[in-house]
Amino acid sequence: MSGHGSMLVVVDQPNNVGSLVIACARKAGCDVAYLPGLAMRRATGMLHGDAKTDERDAYVIAITALSMPQALRPVPEESAMRADLVALASCDDDARCDMTREINRLRAHHVETHPAFEHALRDDVTSPFLLKLLQRFGGPWGMSKAGKGAVICWARSQKRPAMKLLERLLISLGEMSRAPAGAALREELAIPACARRIAELAAVRKGIGQRAVDMLKSCPTYHLLTSMPGVGTKTAIAFIIHVDIISFDSASKLASYADIAPRTYQSGTSIKGECAAKADNKALKNALFLSAFASIRSDPLAREYYDKKRAEKKNHNAAVMCLARRRLKIMYAIVRDQKPYRMAA
């Protein structure tokens, strides 16, 4: 390639099969970028034909890169720490999805065997005490068979018994007097198995989180970001993984990449408005949204801004999104200037 100037290699996905192309291109001294799927589909619609082949996809990518370079997205160069964080985040996502499936299965089993018991669980399905209880007695009918006294005696022998939860569950037992067909088998096999897998997955996620924290102890960016109220380990990891700060010369461009910048919609003089953008980085958007939501309870300034937006007749999600964009500007300045968060006087 010497004598031909710089070369840009563009892929349609930076991960999976695209990661090998990016690694080889960087080793050869090429610049790299990627074309998001939505932008590629829109570019495809502007060209003749509707065939879907690898050759045509490569042609669309090349034409778009030459004629509309602003559609390309940067590919942050992988450091060893960032690569490890990406791997940990991927493992955590898999464990979270598996855990959600098991929780849904557990609720479904209880709905079929004892709906009142399932209703009494509320949001305590992942409680370690409940998971041990289900593994010990199988479910509501196993608890009824053992007797209230035996269940309470067992609960008191545990390290951290959730007695309020147990009280709700014991009250719910009296709302049904006859077990439906198949309940015994479900409580013997399915329900304890689900409870055991949920406990195992919770332990896996806890271990992944602790490993990520240990890894980030030597990362200055992590400590800078977590100095801001509402920014925890997951938000900081998402920012570190998905944002290469030198690729964005303004907070507004970063907000657009994070999918939290409003999109103007106008046609003539009769139609004009703004709506949420629907493109780019969904993972970063979700992390920023949850961080903003958490900051409402921990940061007085965030609460004040949220209340202001609610007073402007914005619904809850829109107000939180406005707060997320405001907070992203601060996070951008923190990382750019390498200075920790400091609450205004």
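## Ground rules

Axes here are lines fitted to C-alpha atoms, for helices over the stretch in contact, and angles run from 0 to 180 degrees between N-to-C directions. Helices (H or I, at least four residues) and strands (E, at least two) are DSSP runs, numbered from the N terminus.

What you're looking at is a predicted model, where local features need pLDDT of at least 70, side-chain atom pairs count only at pLDDT 80 or more, and totals for chains, interfaces and linings use all residues. Residues are numbered from 1 along each chain as its sequence is written, and side-chain values use heavy atoms, leaving out hydrogens and water.

Let's start with S2 (residues 31-34), which pairs with S1 (residues 8-11) in the parallel sense over four bridges; strands pair if DSSP finds at least two bridges between them. S2 also pairs with S3 (residues 73-74), this time in the antiparallel sense over two bridges.

Alanine 33 of S2 shows up in both pairings: opposite valine 10, and as bridge partner of proline 74 in S3.

## Two helices crossing

Now for H15 (residues 300-311) and H16 (residues 316-337): they pack at an angle of about 135°, with their axes 9 Å apart. That makes them oblique to each other, the label left over once angles under 35 degrees (roughly parallel), over 145 (roughly antiparallel) and 65 to 115 (roughly perpendicular) are taken out.

Who does the touching, with contact meaning heavy atoms within 4.5 Å? On H15, the residues are Ala302, Tyr305, Tyr306, Lys309 and Arg310; on H16, they include His316, Leu323 and Arg326.

Definitions and conventions
Contact = heavy atoms within 4.5 Å.
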